[in-house]
Each structure stands twice: as structure tokens, then as C-alpha cells.
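Here are my notes on this one, written as numbered points. Have a look at the sequence and the model first, then read along.

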Amino acid sequence: MGETASAAASTVDDDLLLKNFFAEVSEAERDNEVARILSCFKLNPFEYLKLPFDSSPDDVKKQYRKLSLMVHPDKCKHPQAKEAFGALAKAQQLLLDQNERDYLLSQVNSAKEELRAKRKKQLKKDTASKIKSLVEEGKYDKQYEQSEEFQKELKIKVRVLLTEQEWRRRKMQMRISEEEGRLKKDEEEQKEMWKRKREHEEEWEGTREQRVSSWRDFMKGGKKNKKGELRPPKLKTEDPNKSYVQRPVKRG
């Protein structure tokens with residue numbers, strides 16, 4: 001009971017703080033926030049919400065509430081406030097989706113590994129930094145990864161990896177679309193071929209009676225003509241079993 005009351009009181013305090021905060025926000029600040037949102041890297045929802053990569057789902061919800069109220073079309077007069085508001089909503093949706101979140105964090109981890117490998121090579125050249133890293137047993141590396149320099153490099157590297165993945169995805173989608181288009185074309189050609197064949201068969205069947213009638217007329221006409229014709233005698237082939245008298249040949 002006490003915990004519930006405490007949570008309710010905390011929510012009320014947060015709401016009050018937000019109201020006080022937005023009462024002090026100027027129109028220029030709202031416009032600047034709209035401009036910032038619209039200039040964000042489109043493939044990274046963490047950037048839209050101005051959150052670090054290790055933010056929790058609760059952090060996402062709180063930050064979304066804060067920023068969405070700041071650029072809400074009813075409160076912000078910027079002509080693209082609605083677009084910015086929609087971008088924040090989309091970013092929250094992606095970060096609260098477990099599959100999307102896992103994908104993004106996998107790209108973040110890949111970026112970190114590449115940056116660590118790069119730093120390892122640099123340390124081999126810098127003896128003093130290498131010794132310091134070994135002496136402090138990882139503390140030196142941890143401090144570096146928390147530095148502004150590393151976070152900046154990480155942000156850029158994540159952009160690169162997300163862009164590469166998106167390009168691969170689009171290329172794959174293009175190939176799938178091309179293959180689907182080819183299969184559809186083949187299917188349409190097959191349908192057209194069968195259609196022509198069916199039409200030919202129907203046309204052939206439709207003229208059957210006419211063809212039969214024409215054939216009957218031909219047969220009748222052929223028999224009448226043959227009655228008035230003079231037929232040449234049939235030639236008999238020689239029979240070796242019979243003897244024939246050869247007629248003498250007249251010589252001039």
C-alpha cells in the first residue's frame with residue numbers, strides 16, 4: 001500500500017515538474033527542437049529521443065513524453081511540428097519493440113567492437129598508453145569508453161553500420177521485387193498462351209459443323225463429276241507366270 005502511494009506521489013511530482021518546465025519553454029526553443037528532430041539520422045531512434053544506447057524502456061517512455069509535449073502541434077506553432085511529433089512517436093515505438101531494440105543494440109555492440117579493435121592497434125604504437133592500460137587493468141579503457149570522444153565516435157560508427165545494413169536490406173528487397181516481377185511476368189505469359197490456345201480450340205470447335213458440311217458438299221460434288229468423265233484404262237503389271245506375245249515393232 002505504501003509503495004503504491006509512493007509511486008502515485010512520484011507521478012504527480014513528475015507531472016508538476018513537466019508543467020513548470022513547459023511553462024518556461026519559449027516558442028524559439030520549441031522551434032529549435034523541431035529542427036533538431038527533423039535533422040536526426042533517420043535510422044537511429046536513440047538520436048530522435050536524445051538518449052544514450054544503454055537507456056531502459058522506462059527511460060524511453062519518460063523522454064518521449066517530455067519531448068512530444070514540447071513539439072506537440074497544439075502547443076508548437078512550427079509548420080513542421082506535426083512531422084516532428086510523428087518522428088518521436090515512431091522512435092518510441094521502435095525502441096519499445098524488443099526485436100527492433102535487439103537489432104539496434106547488436107549494431108551498437110558491433111560498432112563498439114570495431115572501435116575497441118582500432119584503439120588496440122593505436123595502443124601498440126603508443127607505449128605509454130599501453131603501459132597505463134595494463135597497469136590499471138581495464139579501468140583506462142572503461143574511462144575512455146565513457147569519454148565524450150568515444151561516444152562521438154560510437155555515434156558515427158553506429159550510423160555507418162546502420163546505413164550499410166539498410167543498403168543491404170534494400171538491395172535484397174530489390175532483388176526479391178525483381179524476382180517476383182519475373183515470376184509474375186512468366187505467369188501472365190503462361191496465362192496468355194493458354195488463353196490463346198483455348199480461344200483457338202473454341203474457334204475450331206465452333207466451325208466444326210461448317211467444316212463437316214463443306215466436306216459433305218465436296219464429296220457429293222466429286223461423285224457427280226466422276227460419272228461424266230472418261231477414265232483411262234488401268235495399266236496391268238506384267239505377270240512373270242504368264243507368257244505374252246511381243247508385237248513386232250514397225251521400222252521406218
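1. One term before anything else: a contact here means heavy atoms within 4.5 Å. With that in hand, take Gln92, which touches Leu49, Val60, Lys61 and Tyr64 once its neighbours within four places in sequence are left aside. Gln92 sits in helix H5; helices (H or I, at least four residues) and strands (E, at least two) are DSSP runs, numbered from the N terminus. Is Gln92 buried or exposed? Its relative accessibility is 16%, so Gln92 counts as buried (buried is under 20% relative accessible area, exposed over 50%, partly exposed in between, with a 1.4 Å probe and protein chains only).

2. Some ground rules. This is a predicted model, where local features need pLDDT of at least 70 and side-chain atom pairs count only at pLDDT 80 or more, while totals for chains, interfaces and linings use all residues. Residues are numbered from 1 along each chain as its sequence is written, and side-chain values use heavy atoms, with hydrogens and water left out.

3. Now the overall picture. The protein has ten helices and zero strands. Buried residues account for 21% of its 252 residues. Of the contacts with a separation of 6 or more, 63% are between residues 24 or more positions apart.

4. Next, the nonpolar core, meaning a set of buried Ala, Val, Leu, Ile, Met, Phe, Trp, Tyr and Cys residues joined through side-chain atoms within 4.5 Å. The largest one has 30 residues, and those with the most contacts inside it are Ile37, Tyr48, Leu49, Leu88, Leu154 and Val158. Which helices each supply at least two residues of this core? They are H2, H3, H4, H5, H6 (98-125) and H9 (148-206). H5 gives the largest share, six residues.

5. Let's zoom in on H2 and H5. The axes of H2 (residues 27-38) and H5 (residues 81-96) come within 9 Å and cross at roughly 55 degrees (axes are lines fitted to C-alpha atoms, for helices over the stretch in contact, and angles run from 0 to 180 degrees between N-to-C directions). That angle makes H2 oblique to H5: under 35 degrees counts as roughly parallel, over 145 as roughly antiparallel, 65 to 115 as roughly perpendicular, and the rest as oblique. Val34, Ile37 and Leu38 of H2 meet Ala81, Glu83, Ala84, Ala87 and Leu88 of H5. By class, that contact has seven nonpolar, no polar and one charged residues (Ala, Val, Leu, Ile, Met, Phe, Trp, Tyr, Cys and Pro count as nonpolar, Asp, Glu, Lys and Arg as charged, and the others, Gly among them, as polar). Ile37 also deserves a look: not counting residues up to four places away in sequence, Ile37 touches Tyr48, Val71, Ala84, Ala87 and Leu88.

6. Compare that with H6 and H9. Their axes are 9 Å apart and the helices pack at an angle of about 120 degrees. This makes H6 oblique to H9. By class, the contact of H6 with H9 has ten nonpolar, three polar and four charged residues.

7. Last, a backbone detail. Lys50 lies in the loop between H3 (45-48) and H4 (57-70). Its phi is near 55 degrees, a positive value in a residue other than glycine. Lys50 has a relative accessible area of 48%, so it is partly exposed.
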